[in-house]
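Please open the model in your viewer and keep the selection panel at hand.

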Amino acid sequence: MEAQSTPVNYLPIIFQMIVALGFVVVTMVVTHLVGPKRKTSDKLIPFESGIESIGNARQPFSIKYFLVAILFVLFDVEVIFMYPWAVNFRDFGWAGVIEMFIFMGTLLLGFIYVLKKGALDWE
Amino acid sequence: MSQSLFYLIAFLSIFFSLMVIFTKNPVHSVLYLIITFFTFTIHYILLNAQFLAIVNFIVYMGAIMVLFLFVLMLLNLNKDTEPAKSNLLKMAGVVAGMCLLVTLVGSVKALNVSNPVVLTNPGLGLVKNLGKVLFNEFLLPFEISSLLLLSAMVGAVLLAKKEA
């Protein structure tokens, strides 16, 4: 017995996205139209936590952010593999649990390695 | 209805991919790339490949784009530090581009129109059916992919940490 579905079943999601986007657009446009506008030079400067802004934002910055991002991608891929497993969880039984735990165990080793190396320490 | 929707989405994908190339600001071009990936997600749903659609949405639109943005931030994007390209380099670029164009045109000309592939089982791309195949026939490649992810993790840490 196979699962059946067609692209039409995604229609509610499209509606939800239209509503979400529409809410954002309508709110932004309406606040621009309704609210009063007083433009002074002080108001139009870039706001940086009340401190005068220095330089620009286009600076090369630390590799640590990149490392966190790349680890996030790897664990994201792991979660993606868990999705078809979770949907079929009952059909697979214990064999499926063992298969998945081998997969997750390998990645857990990687996670322990990352923690031991202190890759996520921020100093 | 489905066909006109396909043409609309295909037009949007091509339009936004061209915007990725033609915008001057690299950050804008990454944002256009996100929209391009989103149109690809809709393509996958139209093809009834729902698992691929979800993977595309979560991994590509979510994670890979964050990575792209971080790569951009590692670069120095200030305009004044951009080195001017020499004329020789520009000529080399033109020659290389022309070679690519000739190859592409030649290969397109050599193409034959094949019969359209008809999917015997339209439910093939659904998450449940795909999971059954993945955890039975393709179990070994799946487990080996965990080693691939592990090596990627170790490699990233080794490259990024100074005292390896």
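This is a predicted model: local features need pLDDT of at least 70, side-chain atom pairs count only at pLDDT 80 or more; totals for chains, interfaces and linings use all residues.

**Second stop: helix 3 of chain A**

Move on to residues 63-87 of chain A, which form helix 3. The 25 residues of this helix should span 36 Å at 1.5 Å a residue, and the end C-alpha atoms, 37 Å apart, agree with this.

Which residues of helix 3 of chain A are buried? Select I70(A), L71(A), F81(A), P84(A) and W85(A) to see them. The cover over these buried residues includes helix 4 (89-117) of chain A, together with helix 3, helix 5 and helix 6 of chain B.

**Third stop: the contact between the chains**

Now display both chains. Chain B gives 45 residues to the contact, and chain A gives 42 residues. On the side of chain B that touches chain A, the elements giving two or more residues are helix 2 (26-46), helix 3 (50-74), helix 5 (127-134) and helix 6 (139-160). Which of them supplies the largest share? That share, 14 residues, comes from helix 3 of chain B. By class, this side of chain B holds 32 nonpolar, nine polar and four charged residues.

Select helix 3 in both chains. The axes of helix 3 of chain A and helix 3 of chain B come within 9 Å and cross at roughly 175°. An angle over 145 degrees counts as roughly antiparallel, and that crossing therefore makes helix 3 of chain A roughly antiparallel to helix 3 of chain B.

From helix 3 of chain A they include Y65(A), F66(A), A69(A), I70(A) and V73(A), and from helix 3 of chain B they include F51(B), I54(B), V55(B), I58(B) and L74(B). This contact of helix 3 of chain A with helix 3 of chain B has 21 nonpolar, one polar and one charged residues.

How do their axes meet? They come within 8 Å and cross at roughly 100°, and the two helices are therefore roughly perpendicular to each other. Y83(A), P84(A), W85(A) and V87(A) of helix 3 of chain A make this contact with V127(B), K128(B), L130(B), G131(B) and L134(B) of helix 5 of chain B. The classes are seven nonpolar, one polar and one charged residues.

Select helix 4 of chain A and helix 6 of chain B. Their axes come within 9 Å and cross at roughly 5°, and the helices are therefore roughly parallel to each other. Among the residues that meet here are E99(A), I102(A), F103(A) and K117(A) from helix 4 of chain A, and L139(B), F142(B), E143(B) and V157(B) from helix 6 of chain B. By class, this contact has 14 nonpolar, three polar and three charged residues.

Next, select A119(A), in the segment after helix 4 of chain A. With 19 C-beta neighbours inside 10 Å, A119(A) counts as partly exposed. Leaving aside residues up to four places away in sequence, A119(A) touches L67(A), V114(A), V157(B), A160(B) and K161(B).

The domain assignment of chain B gives domain 1 (1-76) and domain 2 (126-164). The C-alpha centres of these two domains of chain B lie 24 Å apart.

Select A152(B) in helix 6 of chain B. A152(B) counts as partly exposed, with 16 C-beta neighbours inside 10 Å. Its C-alpha atom is separated by 15 Å from that of A63(B), 89 residues away along the chain.

Finish at N48(B), in the loop between helix 2 and helix 3 of chain B. Is N48(B) buried or exposed? N48(B) is buried, with 21 other C-beta atoms within 10 Å. Its phi is near 65°, a positive value in a residue other than glycine.

How values were computed:
Residues are numbered from 1 along each chain as its sequence is written. Chains are lettered from A and ligands numbered from 1 in the order in which they are written. Two residues are in contact if their C-beta atoms, placed from the backbone, lie within 7 Å. Helices (H or I, at least four residues) and strands (E, at least two) are DSSP runs, numbered from the N terminus. Ala, Val, Leu, Ile, Met, Phe, Trp, Tyr, Cys and Pro count as nonpolar, Asp, Glu, Lys and Arg as charged, and the others, Gly among them, as polar. Domain bounds come from an automatic or database domain assignment. Axes are lines fitted to C-alpha atoms, for helices over the stretch in contact, and angles run from 0 to 180 degrees between N-to-C directions. Angles under 35 degrees count as roughly parallel, over 145 as roughly antiparallel, 65 to 115 as roughly perpendicular and the rest as oblique. The expected span of a helix is 1.5 Å times one less than its number of residues. A residue is buried if 20 or more other C-beta atoms lie within 10 Å of its own, exposed if 12 or fewer, and partly exposed in between; C-beta atoms are placed from the backbone.
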